[in-house]
Amino acid sequence: MSYSDWLIQLAQTALVLGVAPLLSGVTRKIRARLLRRQGASVLQPYHDLLKLIRKEAVVAENASWLFRAAPYLIFATTWVAAALVPTFASGLPLGAVADIIVIVALLGTARFLLALAGLDVGTSFGGLGSSREMLFASLAEPAMLMAVFTLSLFAGSTQLSSISAYMLGPGAGINISLALALVALIIVSIGENARIPVDNPATHLELTMVHEAMILEYSGRHLAVLEAAAAVKLLLYLSLIACVFTPWGTAVAGAGVLAYAVGLLAWAMKLALLAFLLVLFETAIAKMRVFRVPEFLGIALMLGLLGTILLFVSRVSR
Amino acid sequence: MLEALFADSGPDVAHRGWPRTPVGPDSWRAIGEALREGKLDLLGLWGDIGAVQCVLYEPATRQIMSASLDARAGKVPSLAPFHPPASRLERSASDLFGIEFTGLPDPRPWLDHGRWPVQHPLAESPRPGAALPPYRFLEAEGPSLHQIAVGPVHAGIIEPGHFRFTASGETIVRLEERLGYTHKGIDRLLCGKSIEEAARLAARVSGDSTVAYSLVFARAVEAALEFDPPPRALWLRAVMAELERIANHLGDVGAVCNDAAFSMMHAECGILREQTLRACATAFGHRLMMDCVVPGGVAVDLEPAGVAAILSLTASLRGQFPELVELYENTASLQDRTVGTGVVSSALAAQFAAPGYVGRASGRSFDARICVPYPPYDAAPLEIAVRSEGDVDARVWVRIQEIQHSIGWLERSLATLPAGPVRSGIRAVPATSVEGAALVEGFRGDVLGYARLGAGRRIERCHLRDPSWLLWPLLEAAIEGNIVADFPLCNKSFNCSYSGHDL
């Protein structure tokens, strides 16, 4: 591990945080344009975060320390998880000590904390949101793990950098298990990021909320931190899909400034494309009934499982 | 049936529009029996100083009639034990007038939340306001039941209302509404006003139905004073009413879809609604056509440019709306949300005399324009859109069909608009007080209006009953057994008015 590798790691860590609000801004802008609206500036999420940070944080009287601490812990775990996903360059030094399973665990921790925070104040909406979130999580988490197992088995590693490198190499090719894992990962991403058809990030209908219901009691800097964490999470999932399934253009460690520039450009284009596809899908579909969501996430779990089994079978028969 | 009920009652009073018969307590109970048997529909019930009045409709003969009962003793028999839909109406009359309804199963106050400066504000001598005991919500007990309290302050910018859900996990066991937060004292404000002032107030009872309210008030006053506006005015009123219906139905179809997070419909319907409002502004000088209908006629004539604007609107709707209907029909994810959600049984719809699209989506084929026709609909009838499923999807479909019917009606009527003046002067008032009542079909359902005019053409008592009075209780029934997350969708498919209900 060289000095420059750490520099790149630091740059990526800062970048994911800096770019995440822009990604939300871009998705909102695309959505607005698809709905024939002008839409706010893509920079609006930055203004919103700044506004929230400056505002007073109103905390319920019966809130415990957990309610205050949870936003920062959620933000920290999500940010660290995002820093582990290669964005414009692979071979991250942090990636060597923390593989994709750690990412899943970190996100699980963040979710656990958020659900606890939703329950903490004792309002019915927080409880409603937390219970729905846990219902969804009980299928989304194993589905994510199954997809990860498929990838790891395929590439022979749980390191994202290695998986990414393997995908570029001659060993990889069109593979049914990979396709299944991709679909599973996309479904999980939609669910985990509270997008339509699982949840609606733009809703004001408190009874239909999942993610928003849990953070309904938050305001000021707490809300800012949670909003930032949500934006980082979306970036994380899109980067993860980009890094594993479209590894082209990503710079390898120590490749030089030009390669990094190309990597950066490639990453930005991949994110923009994925964001567009995501919003396109969201616009064309209505939200599901709450009890349909487990079926939807169950599909992801089954696909992940199927991917793993098919890989085993093909290994054995070879 | 109606005539037989009132055979032994006193003589009819000076009540126009339809007759009003003063009855005694025994006949009042007989009315209750007839309501229980489903032979009559209760369209409205309200208090007056020393009296209670109700409006009855007999579906078999399409007859409509008012009955009133002396309440000077302060006590009257309640209709609610016979006919549950009367409950909230009687509770409100009790809050406003201090009339005691004996046998009322649910004596809790309804409109009065204990925050008014006076109690019984419409009674002859109101009492100073007093704090009321805490409102007791109906009990629902059982293992694993929990309560969810929503509102009156909501996460979105909507009118205030409180909803108390008792749920078992996600399944709603009971919903209880608590309304009255937007009580503005309109009944009181109307008392003593001149006809012109009162017309402006009536137009503001529920902003989305401003044409319907202006129309029902104007028709009640015109009935009381026994004069007819010029023919052209009658047609222009109906043109406005149909435009209001189209605009609101378009908004609703989009909003129902938006509550299922299908924003595309919302955006596209929003564009069409905006086109409609702009055509209204061109034709009548106001986007919502507020204060355009006045007693005696209409305030603005429709110029050729206005006719052209409306016809270009209908052409545009004919081009674009069918595509949206197709989109609604072909989006499986949307159909999955609306079909089978929030079912109102046809029995309940009939019992509550469910107005408008809610009733017609549950097989109650009542439309004031057709069943108790008023001009110009008696000369140019419309089709009635009825479905039997009673779910959110059926309520959307009734709206879709009504939009289509209204478009056709507008096109036919604009071609044959009579010429002439659009407003006639109001005649001098006789010395005694005169009463009039009217029923018109607003976009949400039938709006009932009653006005009593006294000396100097001042309003003595005016009551405007929003269709929401009969719709809100049905929402409680519709949502039972559904999941909590489906409530907003179901609520939007009803789209009840808070302002019109709370008065």
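**Close-up 1. B:P22 stands opposite B:S68 in strand β5 of chain B.** This is a predicted model, in which local features need pLDDT of at least 70, side-chain atom pairs count only at pLDDT 80 or more, and totals for chains, interfaces and linings use all residues. Residues are numbered from 1 along each chain as its sequence is written, while chains are lettered from A and ligands numbered from 1 in the order in which they are written. Strands pair if DSSP finds at least two bridges between them. Strands are DSSP runs (E, at least two residues), as are helices (H or I, at least four), numbered from the N terminus.

**Close-up 2. β4(B) and β5(B) form a hairpin.** Strand β4 (residues 51–58) of chain B pairs with β5(B) in the antiparallel sense, over eight bridges. B:Y57 stands opposite B:I64 in β5(B). Four residues lie between the two strands. In the turn, B:R62 has a positive phi of about 55°.

**Close-up 3. Four strands of chain B form an open sheet.** Their order is β1-β15-β16-β17, with mixed pairing. β1 (15–16) and β17 are the edge strands, each pairing on one side only. Strand β16 (residues 446–453) and β17(B) run antiparallel, joined by six bridges. B:L453 stands opposite B:I459 in β17(B). Helix α6(B) lies across β1, β15 (434–441), β16 and β17 of chain B. α6(B) runs at about 145° to β15(B). Axes are lines fitted to C-alpha atoms, for helices over the stretch in contact, and angles run from 0 to 180 degrees between N-to-C directions.

**Close-up 4. Helix α5 (residues 195–202) of chain B has buried residues B:I195, B:A198, B:A199 and B:A202.** They cover an arc of only 105° around the axis, so they sit on the same side of α5(B). The arc is that of the directions from the helix axis to the C-beta atoms. A residue is buried if 20 or more other C-beta atoms, placed from the backbone, lie within 10 Å of its own; it is exposed if 12 or fewer do, and partly exposed in between. The buried residues of α5(B) pack against α4 (186–190), α6 (210–225), β13 (293–294) and β17 (459–465) of chain B.

**Close-up 5. B:V205 lies in the loop between α5 and α6 of chain B.** B:V205 is buried, with 27 other C-beta atoms within 10 Å. B:V205 touches B:I186, B:Y213, B:L464, B:S499, B:G500 and B:L503, not counting residues up to four places away in sequence. Contact means C-beta atoms, placed from the backbone, within 7 Å. B:S499 is 294 residues away along the chain, yet the C-alpha atoms of B:V205 and B:S499 are separated by 6.5 Å.

**Close-up 6. Helices α7 (residues 231–259) and α16 (residues 487–494) of chain B pack at an angle of about 175°.** Their axes are 8 Å apart. The angle makes α7(B) roughly antiparallel to α16(B). Angles under 35 degrees count as roughly parallel, over 145 as roughly antiparallel, 65 to 115 as roughly perpendicular and the rest as oblique. α7(B) contributes B:A255, B:V256 and B:D259 to the contact, and α16(B) contributes B:P488, B:L489, B:K492 and B:S493.

Key. Two residues are in contact if their C-beta atoms, placed from the backbone, lie within 7 Å.
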